[in-house]
Amino acid sequence: MKETPLSNCERRFLLRAIEEKKRLDGRQTYDYRNIRISFGTDYGCCIVELGKTRVLGQVSCELVSPKLNRATEGLANTCRPTFIQS
């Protein structure tokens with residue numbers, strides 16, 4: 001993902017909030033949200049819940065045979081991350 005630079009106003013706001021130990025959701029500095037990890041029925045799949053935030057994670061991999069002229073240079077193709085907002 002491409003990073004979006006912060007404006008000077010956003011930067012000052014964030015730095016001040018950190019200095020004052022303020023959080024937008026009202027929690028204190030060391031207040032944590034409950035975490036729950038559930039493994040799905042499919043291999044390589046899980047759901048992570050952090051407070052009211054839910055994330056579905058899935059990992060897959062494909063082994064590719066090497067070309068005949070490069071017998072020792074096979075590949076392991078992995079998937080790209082996909083982000084889904086609900």
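**Strand pairing and cysteines**

Strands S2 and S3 form a hairpin with two residues between them. In its turn, Gly51 has a positive phi of about 65 degrees. The model is predicted. S2 covers residues 45–50, and S3 covers residues 53–58. The two strands are antiparallel and pair over six bridges. Within this pairing, Glu49 has Arg54 in S3 as its bridge partner.

S2 also pairs with strand S1, residues 35–39. These two strands again run antiparallel, and five bridges join them. Phe39 stands opposite Cys46 in S2. The hairpin of S1 and S2 has five residues between the strands. There, Gly44 takes a positive phi near 85 degrees.

The cysteines were examined next. A search of the whole structure finds zero disulfides. Cys45 is in no disulfide, and the nearest cysteine sulfur, that of Cys46, lies 6.6 Å away. A disulfide requires sulfur atoms within 2.5 Å. The sulfur of Cys46 has its closest cysteine sulfur in Cys45, at 6.6 Å, and is therefore too far for a bond. Cys45 is buried, because its relative accessible area is 14% and the cut-off for burial is under 20%.

Technical notes:
Residues numbered from 1 in each chain as written. Predicted model: local features only at pLDDT ≥ 70, side-chain atom pairs only at ≥ 80, totals over all residues. Heavy atoms only, no water. Buried < 20%, exposed > 50% of the residue type's maximum accessible area, 1.4 Å probe, protein only. Pairing = 2+ DSSP bridges. Helix = DSSP H or I, 4+ residues; strand = E, 2+ residues; numbered from the N terminus.
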